[in-house]
Amino acid sequence: MTRPLYLLGLFFGGLFLATLWPSNQAHAEFRVCNDTANLVGVAVGYRGEEGWISEGWWQLPATTCATVVPGPLQSRYYYLYAEDASGSGRWTGYTNMCVAEEEFEITGVQDCFTRGYQQMGFSEYDTGREESWTVQLSSRPSTQESQN
């Protein structure tokens, strides 16, 4: 099985670098913290006005956090896919959404391949309508990481 092409984007540009915040600051947002020793690429999915939206890539160096959805959360459910740039792990789930090789914002989750995208399984996070939510990516990737 070949490595997904979008990993090349992690190393050769085309990345959307998220604003990094100290982990002890509280903000209304959906945040992802990389608690691993490696660089991690992150994509997020959520329900927008035009339908389901997936976007990425945020590049999270080891032991940093990034805001992937700024402001108070508008939806109950958010989705996350992440991959360790060294190829040692993925954080996946059972909700399929579209991703691209380089920086992307994609509306819709149907027909990813026919529209020129790849399809990945995203983990679902039920925020319970909280205004803020943080996902901690640990060194043991799984289909559902600890949250909030």
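Buried means under 20% relative accessible area. The model shown in these views is predicted.

**View 1. Tyr 78, a buried residue of strand 5**. Tyr 78 has a relative accessible area of 3%, so it counts as buried. Strand 5, where Tyr 78 lies, covers residues 77–84.

**View 2. The stacked pair of Phe 30 and Tyr 78**. A pair of aromatic rings is described by the distance of the centres and the angle of the planes. For Phe 30 and Tyr 78 these are 5.3 Å centre to centre and 25° between the planes. Phe 30 belongs to strand 1 (residues 29–34) and Tyr 78 to strand 5, so the pair ties together parts that are 48 residues apart in sequence. Phe 30 is also buried, because its relative accessible area is 0%.

**View 3. An aromatic cluster**. Phe 30 and Tyr 78 form one aromatic cluster together with Tyr 46 and Tyr 125. The count for the model comes to 7 aromatic pairs, and the stacked pair of Phe 30 and Tyr 78 is one of them.

**View 4. Gly 121 and its contacts**. Gly 121 is found in strand 9, which spans residues 118–126. The relative accessibility of Gly 121 is 14%, so this residue counts as buried. Leaving aside residues up to four places away in sequence, Gly 121 touches Tyr 81, Thr 92, Gly 93, Thr 95 and Asn 96.

**View 5. Gly 121 and Met 97**. From C-alpha to C-alpha, Gly 121 and Met 97 are 6.5 Å apart in space. In sequence, 24 residues separate Gly 121 from Met 97.

Technical notes:
Residues are numbered from 1 along each chain as its sequence is written. This is a predicted model: local features need pLDDT of at least 70, side-chain atom pairs count only at pLDDT 80 or more; totals for chains, interfaces and linings use all residues. Side-chain values use heavy atoms; hydrogens and water are left out. Rings of Phe, Tyr and Trp (its six-membered ring) pair if their centres lie within 6.5 Å; planes under 30 degrees apart count as stacked, over 60 as edge-to-face and the rest as tilted. Helices (H or I, at least four residues) and strands (E, at least two) are DSSP runs, numbered from the N terminus. Buried means under 20% relative accessible area, exposed over 50%, partly exposed in between (1.4 Å probe, protein chains only). Contact means heavy atoms within 4.5 Å.
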